[in-house]
Amino acid sequence: MSSSFYDELETRSADQRAKDLARALPVQIARAQALKGYAESLAQVEADAITDAGALAALPVLRKSELGRAQSTNPPFGGFTAKPVSGFAHVFQSPGPIYEPGGVDHDWWRFGRVLHAAGIGAGDIVQNCFGYHLTPAGMLFESGARAVGAAVLPAGTGQTELQVTAARDVGTTAYAGTPDYLKVILDKADSMGVTLAITKAAVGGGALFPSLRAEYADRGILCLQSYATADLGNIAYESAAMEGMIVDEQVIVEIVTPGTGTPVAPGEVGEVVVTTLNPDYPLIRFATGDLSAVMAGESPCGRTNMRIKGWMGRADQTTKIKGMFIRPEQVAALVARHDEIVKARVIASREGEMDAMTVRIEATGGDAAVYAGTVADVLKLKGAIDVVAPGSLPRDGLVIEDQRSYD
């Protein structure tokens with residue numbers, strides 16, 4: 001097999017991929033049926049009859065809210081894992097809180113494929129600027145780097161001058177992190193008069209805007225993005241062809257009408273619903289809340305799996321800012337913290353090539369500095385605070401407004 005591909009799975013014919021799925025999917029459904037979390041929803045399903053995405057469409061959708069409720073009564077994983085909590089290498093916590101298991105064997109998150117597509121492999125040193133604390137993003141990319149034989153500098157975020165110094169001293173050749181933060185490092189290096197050896201970047205956790213990708217290209221850096229969640233691991237990824245995102249070989253992606261489990265017509269925008277073949281954590285028709293659409297044809301790079309257009313927004317108002325999800329219920333919690341707040345609206349925008357957040361607060365008074373502290377506590381992000389008089393915000397039902405352009 002050519003080194004252009006991670007393994008032979010990426011270039012399977014449609015017939016071979018369908019045959020492989022017809023064998024693997026009934027096994028995964030049966031595995032899920034044995035778990036407490038699926039005791040009711042899959043009880044009447046004939047596992048042997050579920051052999052393709054079309055058959056999956058008859059099954060119920062599992063939403064994150066349902067997962068959260070199950071975890072509250074059956075902690076920490078809600079009865080959806082095939083191993084006890086002690087059988088996993090890691091336990092992660094995402095906002096909600098939602099708990100996710102993690103493993104270290106066999107590239108558990110399937111991120112080797114992502115890094116390989118970005119040209120990262122043996123001989124590379126990856127500066128991993130995703131967090132390693134509670135949320136699993138850092139470990140996803142760490143696992144992928146291990147799978148392709150690259151060394152890792154586990155950097156996280158912050159202390160940018162030290163990041164530049166470390167990148168120079170260890171000879172970092174590749175970056176992993178949010179799309180924006182690489183620019184922060186590069187700009188700091190410029191101000192320090194330091195030349196870095198970074199030529200590859202694998203990014204996620206936020207939108208890679210065309211202008212930012214172009215800036216990296218001008219610096220000699222190939223920057224490719226992936227689409228993943230803490231629950232599912234890798235869902236889809238870019239190759240150097242940069243024509244859509246290629247679906248991972250160990251998941252089944254459906255595009256459905258938001259709020260339902262009904263598949264949309266080919267090419268239409270809808271909610272991304274994913275079934276994973278991970279035997280440890282068999283999520284069946286898990287609704288991501290993200291919007292996308294299927295692209296016709298195959299990637300020019302030679303990979304043959306289905307492509308999607310990438311992230312196209314949220315089916316609900318949940319919005320990712322600076323790599324963190326902001327959810328409507330968090331905005332409601334912010335309002336509830338202060339009696340004088342009537343309502344609030346989170347506005348996502350761009351300042352240069354960086355995400356920015358403004359929280360517009362309708363209040364009868366109060367101190368903006370105090371509100372800023374509450375925002376940081378509840379939303380887990382810092383942002384500008386704009387206190388306005390009651391009645392100033394539109395009555396359009398929005399509590400999160402995304403003003404960023406993704407064209």
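Which residues does Ile-385 touch, not counting residues up to four places away in sequence? I will start there, after a word on the model.

This is a predicted model, in which local features need pLDDT of at least 70, side-chain atom pairs count only at pLDDT 80 or more, and totals for chains, interfaces and linings use all residues. Residues are numbered from 1 along each chain as its sequence is written, and side-chain values use heavy atoms, with hydrogens and water left out.

So, Ile-385. Its contacts are Val-359, Ile-361, Ala-368, Tyr-371, Ala-372 and Val-375, where contact means heavy atoms within 4.5 Å. Ile-385 sits in strand 19, residues 384-388. Helices (H or I, at least four residues) and strands (E, at least two) are DSSP runs, numbered from the N terminus. With a relative accessible area of 22%, Ile-385 is partly exposed. On that scale, buried is under 20% relative accessible area, exposed is over 50%, and partly exposed is in between, using a 1.4 Å probe and protein chains only.

Strand 18, residues 354-363, pairs with strand 19 in the parallel sense over five bridges; two strands pair if DSSP finds at least two bridges between them. Within that pairing, Glu-362 has Val-388 in strand 19 as its bridge partner.

Next, the hairpin. Strand 1 (residues 90-94) and strand 2 pair in the antiparallel sense over five bridges, and Phe-92 has Glu-100 in strand 2 as its bridge partner. Three residues lie between the two strands, and Gly-96 in the turn has a positive phi of about 150 degrees. Gly-96 is joined to Pro-97 by a cis peptide bond, with omega about -5 degrees. Strand 2, residues 98-102, has four of its five residues buried, so it is largely enclosed by the rest of the structure.

Now some backbone exceptions. Most residues other than glycine have a negative phi, and most peptide bonds are trans. Another cis peptide bond joins Pro-75 and Pro-76, with omega about -5 degrees; Pro-76 is in the loop between helix 3 (64-73) and strand 1. Leu-134 has a positive phi, near 65 degrees, and is exposed at a relative accessible area of 53%. Met-242 also is not a glycine and has a positive phi, about 55 degrees; Met-242 is partly exposed at 36%.

Last, helices. Helix 6 (residues 160-170) and helix 7 (residues 179-192) pack at an angle of about 80 degrees, with axes 9 Å apart. Helix 6 is therefore roughly perpendicular to helix 7. Axes are lines fitted to C-alpha atoms, for helices over the stretch in contact, and angles run from 0 to 180 degrees between N-to-C directions. Angles under 35 degrees count as roughly parallel, over 145 as roughly antiparallel, 65 to 115 as roughly perpendicular and the rest as oblique. Among the residues that meet are Val-164 in helix 6 and Ile-185 in helix 7.
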